[in-house]
Amino acid sequence: MLDKSAPLAPAQYAPAPHVPPPPPPVPYLEVRGLSKRFGPFVALQDVDLDVYPGEFVSFLGPSGCGKTTLLRAISGLDVQTTGSIRQAGRDISDLPVSRRDFGIVFQSYALFPNLTIADNVGYGLVSTGRPRAEIAKRVEELLTLVGLSEQAKKYPAQLSGGQQQRVALARALALSPGLLLLDEPLSALDARVRARLRGEVRDLQRRLGITTIMVTHDQEEALTMSDRIVVMSRGRIEQVGTPDEIYARPATAFVADFVGKMNFLKGRLVTADHVEVAGATLTLAEGIGVGAGAAVTVCLRPEDIVVRAVEGDRPNRLAMQVGVMEFIGNHFSTTLHAVGTSLNLSADLSINDVRDLGICPGATITVVLPPERLRVFPDPPATGH
Amino acid sequence: MSTGTTFAAAGAAPAASSARAIRPRLSRDDVTLRLLVLAIVVALVVFVVLPLSALLGKALEDHDGAFVGLANFAAYFGDPALAGNLFNSLWISALSTVICVTLAFVFAYGLTRTCMPGRGVFKAVAQIPILAPSLLPAISLVYLFGNQGLLKGWLMGASIYGPIGIVIGEVFWTFPHALIILTTALAISDARLYEAAEALRASQRRIFFTVTLPGARYGLISAIFVVFTLVITDFGVPKVIGGQFDVLATDIYKQVVGQQNFQMGAVVGVVLLLPAVLAFVGDRIVQRRQAALLSARAVPLIPKPNRAVDLTFFAICSVIALAVLVILAVAVFASLATFWPYNLTPSLKNYDFDNMDGGGWASYGNSLTLAALTAVFGAAIIFTGAYAIEKTPRFGAGRAVGQLLALLPLAVPGLVLGLGYIFFFNDPANPLGFLYGGMAILVICTISHFYSVAHLTATTALKQIDPEFETVSASLKVPVWRTFAVVTVPVCLPAILDIAIYLFVNAMTTVSALVFLYSPDTTLAAIAVLNMDDAGDIAPAAAMATMILLTSAAVRIAYTVLTRGLLGRAQAWRRR
């Protein structure tokens, strides 16, 4: 199953190149049986999760899926109803925020508006009772780290959103916490700044090797930044995996639907590896362990539909009529109808394909639906939801 | 179906549903904040709830302290003179409310929806009455329309002593309160609604009744409740100009101070409490709806010049502003004249308070002390209390009780609170009895009396700052008191100063609660006005009222200058 996705070994981040066999990873954060109820509402149900040292893990899901609740439980802001959390071997389940070990960055940044950038970053250092010179040095170091040493004397309102974001990050890192929590850190920024900061935050995290958890509802953000993604829905974890696994091999229909675009085809298993969909019979690469006759949903990404090199005896080769072609910019979003069936698909065709093959609305083309790209999920029993 | 469980490390059994519930441990900050909430709760119980219970208890006792149930209430309602006063209070309040809110609405409309000239001046003039004790307009009315009044003829034989005087005085004194609420209500209107209505070719009249009025309706209702409560619980105006016309507020005073009939005073207090509580509850319900209305993103309406409309409103507002200025000026001039209206030579003879009843200049000094102490301690306690109630993590029940108690004083008329203080603190069995007769009880009573509005101001300011400040601080291991001192207080400084000014002005001008509590050593300026007027020294009363007005005004002006200058520099971070 999916847990064979080995978490990234810490060696990848810690400079220890000459130790030949990497030691079996010990989780830095262990979440066990975590549930959170608000009155009758169940916000988190029996969540188990391991986060390994140096990993960048994203909690991804629609609003209300429980990702923020899980982060707030880990931070101690909203302590869970039942279940335990261990951080670096220490049980932190019932500890208040101030006795846990993390730095946090909020969507609003929560920078203190009346303090300078330097004072914001040094805010936690002052309470440690370190000498003034040492604090100043550390603040300078942190501001250099996020590239803002020129702005030390300014106030937050005088900085751009992206700069404020980096100040918040520097402040969260000031006490060298073991864990960095990012709560929708880029959501308040405009698209261009957001894209740039993704890379910057990720770089910084790698350089420091700090274990990081980010909550986001933006799948692109999760896919580009994370070592592993935790996809959540209705208080449960749907899938944990690397970005590639989440995208290419979604474990549930929910993940398939939530991450990326997807064709959902209702069908019925004819044999263990053949499925009948809207009058067409498709070959599957692997069975899914339910008997013939079972109702299933077949999933296929629009960009996985092949239109080149479709000659010869390939499975799932279909003649399809081109319907509407919508020009998106870097590709065409196209509707296809399989001739002689009631099968309709949405396909993303590259500009090259369209140009070279002369694809246009009304034309009939041959396509292949590669069996290894088809994901099949048994339908939940009828009268489900 | 969750694959999350499959990811669990080997051997970790899924938690059973009967797993032990986690009880979060409290941090030192949690304990500090909770203790603060509890301290506020205890203080409000001791200084508001217990005195009120003492009052209720007294209303159910006979002269010897024996429990008599509702016998006193039966006696009250059986006495046509007393019960008649309840009726007087109700219709006087209703009439004053209608006149005041109507005038204030027109004035507010002129300020917010027209381009009439001089809006800044009009706004400033209309605010002045709030700086004077309610006794001042009453004294002015005596000078204008009294037996030797300048304009006595205007009344065509009717007497100013009675309903007419009370209504005019109350309208003057409550006008700024209504105006503030209505200006706010009219200022938040959405321009898009007006554009839509005009695009649909609705007439101006129809737009007013279908857009303007509905948009301001919560403000109107709120203003009606506030003015009604202020009038029915006010004591200064009817005391000075009511003549033989009695209302509930003067009744309490007469029963307690005049006849020493504490039980009947308590009964009238309870009767007075009822309309105030009803108005309070009504206002809270309306406020809740208003909040929902505000959350929509609206485009602010910018009035367009319209010569006819602007001139009409300029004329109306000029008349109102002139009336306000005349009433203020008469009191000031009368106090400066040697013998109004026969000898108008300016003189300070009426300011020679030390040779009058009422405690002399010491009263003025006492009032300054009271106002300063109330402002400093009140602002500190109320803001800290609001912070604890607003920012304590979890602890829902404690915070809810704190919030309820903090709003309770809004429903308690000053006279009722003051009477409750007599019964509670003058009780020989009360260990806090030592407070009675000193400055401390005056300060405590004044803070308690004006707690709610100040608390709401603080809460509003606190809600506007980022809710994650405390979390960030805790994650940085910074104790909450430091974030409070270094971040919260500086960020909320304008609101804190607003609270201090509000408390200062009210402590200077209030009469109602303190009239029962002052001692020969702690006579107060506003009460001196009352006593001098009672003794027939009207000109000195006007002089003292003028002193109060000038002091309040000076403090307010100093505050404005200070916030623009000195504080402006300290708050440089607010500028971009």
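A salt bridge is counted here when a side-chain nitrogen of Lys or Arg lies within 4 Å of a carboxyl oxygen of Asp or Glu. By that definition, the count between chain A and chain B is one salt bridge. The model is predicted, and over all chains it holds 18 salt bridges.

**The contact between chain A and chain B**

- Chain A contributes 49 residues to the contact, and chain B contributes 43 residues.
- The area buried between chain A and chain B is about 4200 Å², and carbon and sulfur atoms give 62% of it.
- Of the area that chain A buries against chain B, 14% is supplied by Asp94(A), Asn114(A) and Tyr123(A), more than any other three residues.
- Asp94(A) also takes part in a salt bridge across the contact, where its side chain meets that of Arg25(B) at 3.3 Å, N to O.
- On the side of chain A that touches chain B, the elements giving two or more residues are β1 (29-38), β2 (41-51), β4 (82-87), α3 (123-126) and β10 (236-241) of chain A.
- The largest share of that side, four residues, comes from β10(A).
- The residues on this side of chain A comprise 23 nonpolar, 13 polar and 13 charged.

**Salt bridges within the chains**

- Side chains of opposite charge can pair when their charged atoms come close.
- In chain A, the side chains of Glu55(A) and Arg228(A) form a salt bridge at 2.4 Å, N to O.
- This pair links distant parts of the chain, 173 residues apart: Glu55(A) is in the loop between β2 and β3 (56-60) of chain A, and Arg228(A) is in strand β9 (residues 228-233) of chain A.
- Both Glu55(A) and Arg228(A) are buried.
- Lys261(A) and Asp348(A) form a salt bridge whose closest N and O atoms are 3.5 Å apart.
- Because Lys261(A) lies in the loop between α9 (253-258) and β11 of chain A and Asp348(A) in strand β17 (residues 344-350) of chain A, the pair ties together parts that are 87 residues apart in sequence.
- Lys261(A) counts as partly exposed at 43% relative accessibility, whereas Asp348(A), at 14%, counts as buried.
- In chain B, Glu61(B) forms a salt bridge with Lys58(B), with the closest N and O atoms 3.9 Å apart.
- Glu61(B) is partly exposed, with a relative accessible area of 22%, and Lys58(B) is partly exposed with 23%.
- Arg166(A), Arg196(A) and Glu200(A) are joined into one network by salt bridges that share partners.

**Strand β12 of chain A and its partners**

- Strand β12 (residues 274-277) of chain A has a covered face, formed by Val275(A) and Val277(A), and an uncovered face, formed by His274(A) and Glu276(A).
- Strand β11 (residues 263-271) of chain A runs antiparallel to β12(A) and is joined to it by three bridges.
- These two strands, β11(A) and β12(A), form a hairpin with two residues between them.
- Opposite Glu276(A) in β12(A) stands Arg268(A).
- β12(A) is also joined by four bridges to strand β13 (residues 280-283) of chain A, in an antiparallel arrangement.
- His274(A) has Thr283(A) in β13(A) as its bridge partner.
- The hairpin of β12(A) and β13(A) has two residues between the strands, and Ala278(A) there takes a positive phi near 50°.

**A buried loop residue**

- Gln151(A) is placed in the loop between α4 (132-145) and α5 (161-173) of chain A.
- Gln151(A) counts as buried because its relative accessibility is 14%, the cut-off being under 20%.
- Leaving aside neighbours within four places in sequence, Gln151(A) is in contact with Ile117(A), Leu159(A) and Gln163(A).

Note on methods:
Residues numbered from 1 in each chain as written. Chains lettered and ligands numbered in written order. Predicted model: local features only at pLDDT ≥ 70, side-chain atom pairs only at ≥ 80, totals over all residues. Heavy atoms only, no water. Contact = heavy atoms within 4.5 Å. Buried area = accessible area lost by both parts, 1.4 Å probe. Nonpolar A, V, L, I, M, F, W, Y, C, P; charged D, E, K, R; others polar. Buried < 20%, exposed > 50% of the residue type's maximum accessible area, 1.4 Å probe, protein only. Pairing = 2+ DSSP bridges.
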